[in-house]
Amino acid sequence: MAVLILLFLLAASVVAADEDAFIGVNIGTDLSDMPHPTQVVALLKAQQIRHIRLYDADRAMLLALANTGIQVMISVPNEQLLGIGQSNSTAANWVSHNVVAHYPVTNITAISVGSEVLTTIPNAATVLVNALKFIHSALVASNLDRQIKVSTPLSSSIILDSFPPSQAFFNRSWNPVLVPMLNFLQSTGSFLMLNIYPYYDYMQSNGVIPLDYALFKPLPSNKEAVDANTLLHYSNVFDAMVDAAYFAMAFLNFTNIPVIVTESGWPSKGDAKEPDATLENANTYNSNLIRHVLNKTGTPKHPGIAVSTYIYELYNEDTKMGPVSEKNWGLFDANGSPIYILHLTGSGLVLANDTTNQTYCAVKNGADPKMVQAALDWACGAGKVDCTPLSQGQSCYEPDNVLAHATYAFDAYYHQMGKAPGTCDFKGVAAITTTDPSHGTCIFPGSVGKNGSLVNITAPSMNSTSSYSSSHSIHGSGLTSIFMTITFLIWCGVFL
């Protein structure tokens, strides 16, 4: 106990992350119809997304991102890691072609060297730190080391005994790599990159973890998990995993390296064995995550110090291998239509799933379902709205719930009446929004469709066909969940 308290006090001195916390997105390319780089950038601009992570350093994307101001994290793909980690000149050549050739016109701010190397290609672990150092040395030679940080994303599964967070430590078998890696991050002023997937933690916990706890849903204080060593209360898996990383670093005597989450999200669709991969859960998780980061809530261990996070991911990737969920982590489909409309009232415009400057009519958050149903019945009846698209098998039948159907009917009536004042009220259950509610093949009146109808654009084509286009593993935080299942019930007696 004394050691744990000492670690807690030491870790309290951790350096705060950038005060301007941000939400970014990962852009994978495992799509059968990958949008053109110019269309991708148009979508980013429409969504006011200012931070992105690429899984490579695709020239066409970097050219399309030029002069946009969007902050870009590029990556050394895993398959290039061995070459770069064994040759300073190879690393220098990589930086010359992929960084110097584009910076500062393209705002490259970070380089992720490989991804989840320790858990996906352990044979390359011996050269990982050299790869970090060689890339950084090349940046120093180009006088870019202060502008561009270098790190490597780790799977949260290398953090063992992560519940409660104060007991967390890294898998000791990796200490010969982790200690010099953390020394490098500390000496260069960089950050620990961590991939966190509460979805997998929840799925693999065999019912130990409540769904609400994984989804950031508000919990009464008597349902929060309490770390008996620190008396800190945890209301969600995400914060617990971030704090576990801080404690694991403190266990190795590193207390001033901030954490940035390079991947986190929730799938919107799954197979029969994945009943909680749903539109509503994906919406709830990502909406709550965005609010949590942008409101600078911080974690129980570091309140007020937000953890900037990249959502996995921008597009659904229909050619991904594995279960149905693997193809359905995206916020948008390949056409740029939102998979679901994020619940972001009061969280600014970033990632509002708004692809146009048009106005629409939608159900208000928190509206009485009975009043919404009555208004829907009126719109499809006396309001003379054509509600055929809401019929089973039609384009707007899914999701089959009153809120989604009512939003379609309200918006159709609003446009049918020429968007006249007072035509988007429905006795107080509807409101005007700039967020296009269109999704999949369900196109709402007034929607301009494909990323602002960008067509016939000529620019360099995407040249990356690597299977590394997205890095997260089907198994997510598998090892973490094993320890979680064993210890969580003991730690979280307050759930009972």
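This is a predicted model: local features need pLDDT of at least 70, side-chain atom pairs count only at pLDDT 80 or more; totals for chains, interfaces and linings use all residues.

Analyst: Lying across both β3 and β4 is helix α5 (residues 88-100), pointing at about 150° to β3. Another helix, α11 (residues 237-251), also packs on the sheet, where it touches β9 (192-195), β12 (259-264) and β13 (309-311). The direction of α11 makes about 135° with that of β12.

Now zoom out a bit. The sheet is an open one made of 9 strands, and the pairing is parallel. Read across, the order goes β5-β4-β3-β2-β1-β13-β12-β9-β6. Which strands stand at the edges? They are β5 (149-151) and β6 (153-155); each has a single partner strand, so one side of each has no neighbour in the sheet. On average, neighbouring strands here are turned by 25° against each other, ignoring direction.

One last stop, at the disulfides: the count is 3. One of them ties C361 to C424, with 2.0 Å from S to S. The torsion about that S-S bond is about 90°, so the disulfide of C361 and C424 is right-handed. This pair links distant parts of the chain, 63 residues apart: C361 is in strand β14 (residues 360-363), while C424 is in the loop between α14 (402-416) and β15 (430-433). C361 and C424 are both buried.

Key. Residues are numbered from 1 along each chain as its sequence is written. Side-chain values use heavy atoms; hydrogens and water are left out. Two strands pair if DSSP finds at least two bridges between them. Helices (H or I, at least four residues) and strands (E, at least two) are DSSP runs, numbered from the N terminus. Axes are lines fitted to C-alpha atoms, for helices over the stretch in contact, and angles run from 0 to 180 degrees between N-to-C directions. Contact means heavy atoms within 4.5 Å. A disulfide is a pair of cysteine sulfur atoms within 2.5 Å. Buried means under 20% relative accessible area, exposed over 50%, partly exposed in between (1.4 Å probe, protein chains only).
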